[in-house]
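Please open the structure in your viewer and keep the selection tool at hand.

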Amino acid sequence: MTSLDTSKELNKKDKGIEEGHEDFRLFGLITFLIADGMTFAGFFAAYLTYKAVNPLPDGAIYELELPIPTLNTILLLISSATFHKASKSLLNKKNNDSQRWLLFTALLGIIFLVCQLFEYFNLPFSLTDNLFASTFYALTGFHGLHVTLGTLMILIISWQVRSNGGRLSHLNMFPLEAVELYWHFVDGIWVILFIILYLL
Amino acid sequence: MTISIEPENKKQESIQPKGWLKYFSFSLDHKVIGIQYLICGFVFYLVGGTLASAIRIELASPMSDFMPRDVYNQVLTLHGTIMIFLWIVPVVNGAFGNYLIPFYVGARDMAFPRLNAVAFWLIPPSGLMLIFSYFIDGAAQAGWTAYPPLSITTPQSGQIIWILSVLLLGGSSIFGGINFIATILKLRRPGLKLMQLPMYCWAMLGTSILVVLSTPVLAGTLILLSFDIVANTGFFNPVLGGNVVVYQHLFWFYSHPAVYIMVLPAFGLVSEILPIHCRKPLFGYSTMVFSIMGIVVLGLVVWAHHMFTSGTPPWMRLFFTIATAFIAVPTGIKFFNWVATMWGGRISINSAILFSCGFIINFVFGGITGVALAQVPFDIHVHDTYFVVAHFHYIVYGGSVFVIFSSIYHWFPKVTGKLLNEKLGILHFVITFVGFNLCFAPQHWLGLNGMPRRVAEYDPQFQFVNQISSVGALLMAISTIPFLVNIFISIAKGKKAGDNPWNALTPEWLTSSPPPVENWEGEAPLVKEPYGYGESITN
């Protein structure tokens, strides 16, 4: 079970009537994602302030190419859609379809990470070269960490939705919904990051 | 969608140790976790207090003769960090929040009991890590603010351990905040409206919003700072083209709200204690709620008043001065409401109400110096002097710590079923109040006359006033003795308190003392008027 486990509050047999309570694990996750988003907001604010007040020193190199990150943006947007497909399939009790869509989503995540590494190795600057280089690696690296964690979680739930004996079904959707929400969040952060780092 | 989960608590109860041992075990019960927070916080308070005593012994003479100067820096850094992150924040939020919030919303536990236990168990290891960094290669020396470039140039290992420790404590704080928001908004007993909740719930809701919005920014900042230290990047290192002011902005974006994270729950606790001991309804309930939310919103946009000497442009100074002055309005409303609550009430003089009154007096003083410090010309004059030290100790000690003691006196009968000794309690209050004011009031004078903070050596003309301050610190150290004696004697052979010794109406008093594992034997009571005291009810 996850640490976001709910209490058994009100969930006892009282006078023979079974009471239940609303599932607020998703609410807790949304609150956590707001907090996580604030971390990114802090990084973005730092980067934009550097842009505004700290000039690039003479001779320092900070140039970014657009093709790979554009491809990555498309990959992540597609992966959000495929994840949505997976969740729809599970809701319609098609566990095998759901598993296929999840594996496809994970594959897109892995391709994203490979492309990101490829970009890292081909950039003309390294982590400690200058302020903007450092901020670039910190921001994309922190986001990449989120994608890595997300991909791992997708692989785990893709194992759990298997039709013979998996934990997840249309009756127990929460883990899938939680990872889906997280994945959309990571996706959204990437779009903001893409605009701020590459387009501005 | 509804879910059914197995009864975790009951299942746990059978395998849990009984008696005091349960406070040293992994428990999911919100009451046990609350007391764990309190005990853990108090142990760290004693450590931080010992460090404070060491600082005051050093400052009793103008030369640095009690300890080397770099040790002095480590001691003051540890003192600040321990008192903020390991004593006040965990205790006013974690301890009382965990104990009281489920009662107040009519629940049997917090929304996420396991997350709650995780949040607590992050604290002891990170606290020990912080303290033991002293024995590795020296603790951090850059103060609790860890401003670069100082934090980059001082010895690395201590600073890195400090960062890791604060990151863990920040994580604990965020988990706690998520839990409180979910509990207050989602776990309310059916039929209980938000505007019928006791005031502490509102205070914790506001505090948790601040925690969730601002703590992650500090975490991100400290990660960048650790890169500067270990990976030789230059985010905040001017030598490598970095920008130290960006660190200050990001740091204070958390650390100013942190002040409200420390005092808003204290405001809530006082709002619970005063009506019960004055036998009157809380004055101005809705204005209290709106002023808490006003403080939350304004508290997020005043951070740069800590940075008036950091080359802030004039428009920024203007904005942050005005915003800071505005925050005095909701705070003032709360103080008028408390005084109005006491006005004409049948006040019983006991330790709980004495500490609450002490809080009101001290906090008004600290609040006034706070408004003064928000004015740019004055702030530039006293920036980084003992005036600032006096100001924030009036807020965090005179404010939060007085309320913590008041709350311990108030809720001790509920937690243990025993009454505390009132004579020892009043003795504790008198020594604390006199010692505190003797220690910190003279520091205003020191600051106005130009004595800088964070130094082990000072101009000999300040010696006499510093010695008065040290005597006050000695009294504060002594004041913990009657308190601890009182606690241990009362637990062992205190008078039986009964379920509701204060004749209170808030839900936690409507169950047995100490409460059973699931808070109520039967159904949770529906308390729509937690402050319905008045002539008809005085018994």
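**First stop: Leu29 of chain A**

Begin by selecting A:Leu29, which lies in helix 1 of chain A. The model on the screen is a predicted one. Is A:Leu29 buried or exposed? A:Leu29 is buried, because 21 other C-beta atoms lie within 10 Å, and the cut-off for a buried residue is 20 or more. A:Leu29 and A:Leu181 are 152 residues apart along the chain, yet their C-alpha atoms are separated by 8.5 Å.

**Second stop: Ala46 of chain A**

Remain in helix 1 of chain A and select A:Ala46, which also has its place there. A:Ala46 counts as buried because it has 25 C-beta neighbours inside 10 Å. Which residues does A:Ala46 touch, not counting residues up to four places away in sequence? They are A:Thr135, B:Val246 and B:Leu250. A:Thr135 stands 89 residues from A:Ala46 along the chain, and the two C-alpha atoms are separated by 8.4 Å.

Select chain A and colour it by secondary structure. Following the chain along its sequence, one reads the pattern β-β-β-α-α-α-α-α. Chain A has 200 residues, of which 36% count as buried. Consider next the contacts in chain A between residues at least 6 apart in sequence: 75% of them join residues at least 24 apart.

Select residues 174-199 of chain A, which form helix 5. This helix has 26 residues and reaches 36 Å from its first C-alpha to its last, close to the 38 Å expected at 1.5 Å a residue. Several residues of helix 5 of chain A are buried, among them A:Leu176, A:Val179, A:Trp183, A:Val186 and A:Trp190. In an α-helix there are 3.6 residues a turn, so residues three or four places apart point the same way. To see what the buried residues of helix 5 of chain A pack against, display helix 1 (25-53), helix 2 (67-91) and helix 4 (131-160) of chain A.

Keep helix 4 and helix 5 of chain A in view and hide the remainder. A pair of packed helices is described by the angle between the axes and the distance between them. What is the crossing angle of the axes of helix 4 and helix 5 of chain A? These axes cross at roughly 155° and come within 10 Å. Helix 4 of chain A is therefore roughly antiparallel to helix 5 of chain A, since angles over 145 degrees are classed in this way. The crossing of these two helices of chain A is left-handed.

Show the side chains where the two helices meet. On helix 4 of chain A, the residues include A:Phe136, A:His143, A:Gly150 and A:Ile157. On helix 5 of chain A, they include A:Leu176, A:Tyr182, A:Trp190 and A:Leu197. The residues of this contact between helix 4 and helix 5 of chain A divide into 16 nonpolar, four polar and no charged.

Select helix 1 of chain A together with helix 7 of chain B, residues 156-186. The two helices pack at an angle of about 140°, with their axes 10 Å apart. Helix 1 of chain A and helix 7 of chain B are therefore oblique to each other, and helix 1 of chain A passes helix 7 of chain B in a right-handed crossing. Among the residues that meet are A:Phe27, A:Thr31 and A:Phe32 from helix 1 of chain A, with B:Ile174, B:Ile178 and B:Lys186 from helix 7 of chain B. The contact of helix 1 of chain A with helix 7 of chain B comprises seven nonpolar residues, two polar and one charged.

Move to chain B and select helix 10 (residues 285-299) and helix 11 (residues 314-342). Their axes come within 9 Å and cross at roughly 155°. Helix 10 of chain B is therefore roughly antiparallel to helix 11 of chain B, and their crossing is left-handed. The residues of the contact of helix 10 with helix 11 of chain B divide into eight nonpolar, six polar and one charged.

Conventions:
Residues numbered from 1 in each chain as written. Chains lettered and ligands numbered in written order. Predicted model: local features only at pLDDT ≥ 70, side-chain atom pairs only at ≥ 80, totals over all residues. Helix = DSSP H or I, 4+ residues; strand = E, 2+ residues; numbered from the N terminus. Buried ≥ 20, exposed ≤ 12 C-beta atoms within 10 Å, placed from the backbone. Contact = placed C-beta atoms within 7 Å. Expected span 1.5 Å × (residues − 1). Axes fitted to C-alpha atoms, helices over the stretch in contact; angles between N-to-C directions. Parallel < 35°, antiparallel > 145°, perpendicular 65-115°, else oblique. Left-handed = near helix turned anticlockwise from the far one by under 90°. Nonpolar A, V, L, I, M, F, W, Y, C, P; charged D, E, K, R; others polar.
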